[in-house]
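Student: I would like to go through the pockets of a protein model. Please show it first.

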Amino acid sequence: NYIVAIEISSSKISGAVSIETYEGTRILAATSIPADGFISRGTVRNVDKTSEAINCIINNLEEKLTEKVEIKRAYISLAGLSIHSIKSKVARCFESHTKITPEIIGEMEDENDAIFQIPEGYYKVTSITQEYRMDGKTERNPIGIPAMNIEGNYLNIVIKKQYKDQLDACFEKAKLEIFDSFIAARMEGEIRLSDDERNNGCALADIGAETTT
């Protein structure tokens, strides 16, 4: 039931352990240590020192927990200058008005994953569905609406392969499995901005130690 998260940033490496309760997520332990130059603009410069720092974070978290727990895997956040977004579109045309189903939306998302051309030297992290255009009108949730045609607009998040490989090497050396990874800026936006703010196009700027996202 424990959830472990690690954030690698230019100024420090942070870690936290939480648990899900009926009242929400409760933080059980948190710690951070300075990066001391081995992280630059969110990118790993020194694999050995970064892996040592990750081990230090894990040891500190395990010591802070009241129960004896061995941390073997964690969620990580991705940030820094290596991350970019690229737009793409997938369209469907029907012979008559057709009700949009979850299956149609899933097929379009799968097609976007299949046809998206990942730039050389990059690794695709995820695709975010922005909106749908149906018979010339914009819809956020098209399921259940009949239409003659539908166009899905996607935002594909990519990260430099070199950065991703170095990050994987750090966690492999620290003997810690990466359970899943998330884009830090997207998570910040979902947490700090309300639904109304996001729907109205409010932007969030994360001003870090060496990069602004």
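This is a predicted model: local features need pLDDT of at least 70, side-chain atom pairs count only at pLDDT 80 or more; totals for chains, interfaces and linings use all residues.

Tutor: Residues are numbered from 1 along each chain as its sequence is written, and side-chain values use heavy atoms, with hydrogens and water left out.

Student: What volume does the largest pocket have?

Tutor: On a 1 Å grid over the protein atoms alone, a pocket is an open set of points where a 1.4 Å probe fits, with protein on both sides within 12 Å along at least five of seven lines; lining residues have an atom within 4 Å of a point. Points are joined across faces, edges and corners, and the volume is the space filled by probe spheres set on them. For the largest pocket it is about 1,100 Å³.

Student: Which residues are the closest to the centre of the largest pocket?

Tutor: The lining of this pocket has 32 residues. The closest to the centre are Ile128, Leu155, Ala185, Arg186 and Arg198.

Student: Which element supplies the largest share of that lining?

Tutor: Helices (H or I, at least four residues) and strands (E, at least two) are DSSP runs, numbered from the N terminus. Those that each supply at least two residues include β7 (83–99) and α4 (184–192). The largest share, 5 residues, comes from α4.

Student: Which element gives the most to the lining of the second largest pocket?

Tutor: The second largest pocket has a volume of about 730 Å³. Among the elements that give two or more residues to its lining are β1 (2–8), β2 (12–21) and α4. With 6 residues, the one that gives the most is β2.
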